[in-house]
Amino acid sequence: VAPETTLGTRGGGHFSPPLAHLRMAESETLRRQAEAGDPIARTEIGSRTSTATGIGIERDDAASAEHYRVAAEAGLALGQHNFAVMLQTGRGVEQDELAAVEWFSKAAKQGLPCAQFALATLWEKGFFDATIGRVVRSDEEALKWYEHAANQGHPPSQKRFKALFATLNFAPGYEPAGGLAVEDIPDEGPDPYDVGAEGGSVNDY
């Protein structure tokens with residue numbers, strides 16, 4: 001059997017020492033940046049902790065949620081979106097749809113399409129507002145946020161906006177505000193309700 005080279009290759013299902021050291025050094029750098037208050041590093045570590053991505057990293061939803069919370073409070077849109085997902089699904093934190101709406105809103109107002117889509121979906125489906133003790137929903141709010149994301153070329157939002165706009169059950173007077181040509185939106189697209197996922201990396205958005 002040929003010996004494992006000193007290049008960054010896999011041997012026997014394991015990283016060779018040089019590549020492993022590089023990955024460990026990268027993780028250590030991220031850790032130091034996060035401790036220094038970098039919200040991007042916090043979000044990246046949160047993502048890796050949530051998915052157990054990286055050498056020696058175990059899944060820890062509570063730790064992941066805390067990293068996202070710190071990044072969210074620092075104003076990072078992707079951190080706000082990801083923390084909202086944890087609140088919406090109850091992963092690592094107590095489930096709280098109203099708080100999820102609030103954090104999705106913060107990220108959506110910064111122009112993040114996945115947050116705009118998630119926020120629109122919650123408004124369309126309805127969410128429990130603990131302050132008034134009942135479920136609230138609004139097609140008008142849903143259309144508004146679908147449109148914002150659709151105008152940025154977000155396919156699920158384009159598909160859902162077209163479908164909801166065609167019914168106008170509870171928003172008969174709604175008019176697209178951004179010049180969106182509804183008739184030009186294709187019918188094809190992924191499942192428009194697939195929103196229960198965090199952003200995988202700050203480089204993805």
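At what angle do α5 and α6 pack, and how far apart are their axes? In this predicted model, α5 and α6 pack at an angle of about 140 degrees, with their axes 8 Å apart; the axes are lines fitted to C-alpha atoms, for helices over the stretch in contact, and angles run from 0 to 180 degrees between N-to-C directions.

The model is predicted, so local features need pLDDT of at least 70 and side-chain atom pairs count only at pLDDT 80 or more, whereas totals for chains, interfaces and linings use all residues. Residues are numbered from 1 along each chain as its sequence is written, and side-chain values use heavy atoms, with hydrogens and water left out.

**View 1. Overview of the chain.** The chain holds 8 helices and 4 strands, which follow one another from the N terminus in the order β-β-α-α-α-α-α-α-β-β-α-α; helices (H or I, at least four residues) and strands (E, at least two) are DSSP runs, numbered from the N terminus. Of the 205 residues, 42% count as buried, where buried means under 20% relative accessible area, exposed over 50% and partly exposed in between (1.4 Å probe, protein chains only). Among contacts with a separation of 6 or more, 52% come from residues 24 or more positions apart, contact meaning heavy atoms within 4.5 Å.

**View 2. The packing of α5 with α6.** Helix α5 passes α6 in a left-handed crossing, a crossing being left-handed if the near helix is turned anticlockwise from the far one by less than a right angle, and right-handed if clockwise. On the α5 side the residues are Glu97, Val101, Phe104, Ser105, Ala107 and Ala108, and these meet Ala115, Gln116, Ala118, Leu119 and Leu122 in α6. By class, this contact of α5 with α6 has 8 nonpolar, 2 polar and 1 charged residues; Ala, Val, Leu, Ile, Met, Phe, Trp, Tyr, Cys and Pro count as nonpolar, Asp, Glu, Lys and Arg as charged, and the others, Gly among them, as polar.

**View 3. The packing of α4 with α5.** Helix α4 (residues 77-89) packs with helix α5 (residues 97-109) at an angle of about 160 degrees, their axes lying 8 Å apart, which makes α4 roughly antiparallel to α5. Angles under 35 degrees count as roughly parallel, over 145 as roughly antiparallel, 65 to 115 as roughly perpendicular and the rest as oblique. The contact involves residues of α4 including Phe83, Leu87 and Gln88, and residues of α5 including Trp103, Phe104 and Lys106, and its residues divide into 10 nonpolar, 3 polar and 1 charged.

**View 4. The packing of α6 with α7.** Helix α6 (residues 113-125) and helix α7 (residues 139-150) pack at an angle of about 160 degrees, with their axes 8 Å apart, and are therefore roughly antiparallel to each other. Their crossing is left-handed. Among the residues in contact are Phe117, Trp123 and Glu124 of α6 and Asp139, Trp145 and Tyr146 of α7.

View 5. Serine 64, placed in helix α3 (residues 61-73), is buried with a relative accessible area of 0%, and its side chain reaches the backbone oxygen of glycine 46 at 2.6 Å. Methionine 86, found in helix α4, is likewise buried, with a relative accessible area of 0%; its C-alpha atom is separated by 6.4 Å from that of alanine 65, 21 residues apart along the chain.

Methods. A polar contact is a pair of N or O atoms within 3.5 Å; within protein, one must be able to donate a hydrogen and the other to accept it, and residues adjacent in sequence count only if both atoms are side-chain atoms.
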